[in-house]
Amino acid sequence: MKSPLASDLTGIAVVLVLAVGGFILFPDNLAFLAGMMAVILLVVSLDLVSGVCGVASLGQAALFGAGAYGAGIAAANGLGDPLLLLGIGLVAGAVAGLATGAIILRAHGLPQLVLSIALVELAHEAVNKASFITGGSDGLTGIRISPLLGVFAFDLWGVTAYWLSVAVVVVVLVVLRRLVRAPFGMLCRGLRQSPVRVASLGQRAYPVALKMYVIAGGVAGLGGALRAISTQVVGLDSVSFTLSAEALVMLIVGGTGTIFGAATGAFVFEWMEHIVSVANPFHWLAIVGALLIAVVLFAPHGLYGSTARWLHERRMRAPRADE
Amino acid sequence: MKASSLSVRDLVAGYGPTIIVEDIAFDVAPGQCVAVLGRNGMGKTTLMASLAGLTRHVGGSIALDDAPIHTLPTSERARAGMGYVPQTRDIFPTLTVAENLFVGLKGRPAADLAEAYELFPRLAERRGNLGGQLSGGEQQMLSTARTLLGKPSLLLLDEPLEGLAPVICQELMAALARLVATGETTVLLVEQRVASALEVADHVICIERGSLVWQGSCTEWRADPTLAERYLGVSALT
């Protein structure tokens, strides 16, 4: 069996190779790629909540939006340091995670799903109404970002934003892969399978799930801040039900509970959307729908999950050297 | 942790509006092993689930070392020292054996996993396997070992031998006998294989239609062959 550390290193190496490849092959699309990485963080955060903990959610964009608006409002009011803005996004997302998680986790199953939708719709409407601070439907503008570390300016081509996004995504993936394997992560995975069993082992399910929800909020908020930094505008779409639903689709495409699956799903979905919507602006959603059906039918554990299982089974079947 | 005493008084519990166990009262001394016997469907599993806090408590009291616990949720009862191994085993199928055991450590150092491997060496061989890949017997060992890692002062074991091969049964009962012999854990054992249960138990309580109908020592149970026929519908030697 491949060790978890080896899997992590392989995964991170793949991300870095793709990042370098993207930089070399698509120099005109760096802004798009930076935006994709913000979405990767959103989908990874959903994986923490749904894939790892088993909490049904269609409202993850509320946390993403909290980070985006938190960082965006701070930047529009003179706090332009990108690292500080990432911190603000992380905290804003975590606080939003605490507030919404405290409500959502009181329910289970379909009621939980409905609660998550209600909360993202409420957040959307609140942001829309508070136009004096959020810009409402016109979007939040006037965001000024200082050079990263006082040296690397955020240019029109998005080079700085791109590498900052790559760095943040790599750090988050490394940390979360470790978190999911840590005792706390094991408990969360156990919670997904049997909350009663976890309770029988002396652990209260609610605080464990809430803690993970707050962490997921921080990750989503980080993604939102990254988007605010790279696009320098924050729109209502950052806190929409549509984005939440798309995040869930991306998670299903990639595979749940592995973190890397979420990143894979976001990458494939965003890339397909980018290519297909240019090739066929009218019917691209139909093609994306066909992809989703194909994945569910032929790779039920998602693209990453099914591939990882296939590789594992192949390794198990291969004759060992000592046989 | 030192073994706890258990005191159950006039316990009434069930699921939703349905009462399953009624007016049950018994005491278990610290370090004692009590076999809970009875026909299928008589309420033994509900009794165990009620002690663990997984049913609707209607009336009566449950005390662990004289401290009432019947108002506590399942997690708090576990923290108070109660370990519950349900009939369904309830291992985490997508966690490895080592991860399943780790969850049961309750903050103790990872090195203490060795205790589980010492008790059930088979688990050491399977530590990298997913829980769902284990056989029924191995899952039972895993569930029991995980609960024991939490150092329970009272262990509730619900039909640990159900559906297991004889060789696995022997292995499990040998481990249980070693545990009982230490006197560090009080054990309440529900088991259909009466002979196996009586090998490790020193006391018997018998449940029929949700009520306690007989209790006494194993010696008394063995001395009266009509008890097994009356309450279990089987020969005393089964």
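Leu11(B) sits opposite Ile24(B), a residue of strand β2(B). The model is predicted. Strand β1(B), residues 6–15, pairs with β2(B) in the antiparallel sense, over seven bridges.

Both strands belong to an open sheet of four strands in chain B. The order is β2-β1-β4-β5, and the pairing is antiparallel. The edges are held by β2(B), residues 18–28, and β5(B), residues 67–68. Each has a single partner strand, so one side of each is left without a neighbour in the sheet.

A helix packs on this sheet: α1(B), residues 44–52. Helix α1(B) touches β1, β2 and β4 of chain B, where β4 covers residues 56–64. The direction of the helix makes about 110° with that of β1(B).

## A six-stranded sheet in chain B

Chain B also has an open sheet of six strands. The order is β6-β7-β8-β3-β9-β10, with mixed pairing. The edge strands are β6(B), residues 82–85, and β10(B), residues 211–217. Each of these two pairs on one side only. From one strand to the next, the twist averages 15°.

Strand β7(B) spans residues 154–158, and strand β8(B) spans residues 186–190. They pair in the parallel sense over five bridges. Within this sheet, Leu157(B) has Leu189(B), in β8(B), as its bridge partner.

Helix α6(B), residues 136–149, lies across β6 and β7 of chain B. The helix runs at about 175° to β6(B).

## Where chains A and B meet

In the interface, 17 residues of chain A are in contact with 24 residues of chain B. The buried area between the two chains is about 1800 Å². Carbon and sulfur atoms give 62% of that area.

Polar links are present too. Five residue pairs are in polar contact between chain A and chain B, counting pairs with both residues at pLDDT 80 or more. The interface has one salt bridge by the rule used. Arg189(A) forms this bridge with Glu99(B). Their closest N and O atoms are 2.9 Å apart.

On the side of chain A that touches chain B, two elements give two or more residues: α8(A), residues 183–193, and α9(A), residues 195–200. The largest share, six residues, comes from α8(A). By class, this side of chain A has eight nonpolar, six polar and three charged residues.

## Salt bridges over all chains

Side chains of opposite charge can pair when their charged atoms come close. A search of the whole structure finds twelve salt bridges over all chains.

One of the salt bridges joins the side chains of Arg181(A) and Asp8(A), at 3.0 Å from N to O. Arg181(A) lies in helix α7(A), residues 159–181, and Asp8(A) lies in helix α1(A), residues 4–25. The pair therefore ties together parts that are 173 residues apart in sequence.

How values were computed: Residues numbered from 1 in each chain as written. Chains lettered and ligands numbered in written order. Predicted model: local features only at pLDDT ≥ 70, side-chain atom pairs only at ≥ 80, totals over all residues. Heavy atoms only, no water. Contact = heavy atoms within 4.5 Å. Buried area = accessible area lost by both parts, 1.4 Å probe. Salt bridge = Lys/Arg side-chain N within 4 Å of Asp/Glu carboxyl O. Polar contact = N/O pair within 3.5 Å; in protein donor to acceptor, adjacent residues only side chain to side chain. Nonpolar A, V, L, I, M, F, W, Y, C, P; charged D, E, K, R; others polar. Pairing = 2+ DSSP bridges. Axes fitted to C-alpha atoms, helices over the stretch in contact; angles between N-to-C directions.
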